[in-house]
Amino acid sequence: MPNSPLTIPQVDWLMLAPIAIVAVAGMIALLIETIVPKRSNKGQWLVSILGLAFAGLMLTKQVGSPEGDTLNGLLIADRFGLIAQLVIVAAAFICILFSEDYLVQKRIAFGEFYPLALWSTVGGMVMVSTHNLLVIFVGLEILSIALYVLAGMSRSEERSEESAMKYFLLGAFASAFLLYGIAFIYGATGGLDMRLANTAWASGDVNARTMLIFGGALILVGLGFKSSLVPFHQWTPDVYQGAPTNVAAFMASVSKVAALATLWRVLDDSRALAGFYLPVLFWLAILTMTIGNLAALVQKDVKRILGYSSISHAGYVLVGIAANIKSPNTTNVATVLYYLLAYTLMTVGSFAIVSLVAKGGRESTSIEDLHGLSRRAPLAAGILIVFMISLIGMPPTAGFIGKWMIFNDALNADLAPLAIVLAINSAISIYYYVGIVRAAYVVEEGYIDTAPIGPALVGATILCLVGVIMASFFVTPFMGYVSR
């Protein structure tokens, strides 16, 4: 039998442009680092900011264009993927915006941070823009490998080295689960497109169904690790505490948004299996919300508190995902996207303000280190209050709107227990979020001075503040557009 001729896939370069721009910006930043004499990292910082801004502009233009795909369907451009990419790019932009001043104060101003952060962003953008499981795996590895290095950037600190090693070992373990799951799905369907699982399930073949269940479970473990879902969450507070604060902000936003958006796409592509994985999502959501909030109550380190906070918010998002999977006709995936946007803005903004405690090579992020922040940096302390209010879920912030919509979706999908647990956990979270605000407004003798507040940090926090407030007023057009 003669070999079939090799066909070269059609490439839509305009569709690939946002991903390519971020990747090329990373290459340029690396070239600047290797060629230009090392005096400062302003060149790498500027290239990174401009590259992400240009990529965001290209994505904004694509959002209004017809949906399509390229590379024989390996990458797609639908509303969900494009908006998820926009959230990822926005998160990376804000994290990098305040990074240079922080890295200088921390005395770890390594120029390699910028290309690694950009390439990690590329991995997240790839993950949310495909139905192909192998492409998801490649995107996940691009995202993760750079983060393993970034987590250990503070090489003189044992805590940072421990953070990087723990993240690397557990991340490799989770990647193995994901890859095994992909192998099972391929064995059941004969392909790598997750949508083939519906056809394989409908065939009624017992062996195929068994492999699909095992494969789906293993993929859930792999993505659950990146999403910090309980019981795959143990690494999160330790890694966030040990990693540099700007890297922790990047992980809490870019990595988490990519993982949760990918999880929704995988589950949406295999709705034929919903009867099996919905009970799992139900209990995962309850455990993730509850354990995340209860563990945060006893923490004395701000970054650990925000780490457990990010775990609980992953549980809130999982409630929205479960509601949409169970009842797609009455609930809206736009709720998930909206909450991911709100979560990103309030979490990155909080980490940006916490980065102020780094000064002169020293950084301690215990709750006591925030004492006197209202006197040292009254604007930052005031903005921190808004972020905490939004994380709690109080009006008129985007956090309130997002939680309300998830609560309503859960009720519409007959998942009232999840809605009740969400409300209870939101009430529990008030204690530790108010504790952070209280620490910032406690004035004690001998408190530690903060780093100077540069224009980049002011810009980053103002962007997050405006986003958290304005997103609550533009929720209707946002939901209307994504719903079309």
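Analyst: Helices here are DSSP runs of H or I with at least four residues, strands are runs of E with at least two, and both are numbered from the N terminus. Bear in mind that this is a predicted model, where local features need pLDDT of at least 70, side-chain atom pairs count only at pLDDT 80 or more, and totals for chains, interfaces and linings use all residues. Residue numbers start from 1 along each chain as its sequence is written, and side-chain values use heavy atoms, with hydrogens and water left out.

By that count, the protein chain has 20 helices and two strands.

Start with the loop between helix H9 (206-227) and helix H10 (235-242), where proline 231 sits. Valine 230 and proline 231 are joined by a cis peptide bond, with omega about 10°. Serine 228 belongs to the H9–H10 loop too, and its phi is positive, near 65°. Serine 228 counts as buried because its relative accessible area is 0%; buried means under 20%, exposed over 50%, and partly exposed in between, using a 1.4 Å probe and protein chains only.

A cis peptide bond links proline 395 to proline 396, with omega about 5°.

Aspartate 414 isn't a glycine, yet it has a positive phi of about 60°. With a relative accessible area of 62%, aspartate 414 is exposed, whereas serine 228 is buried.
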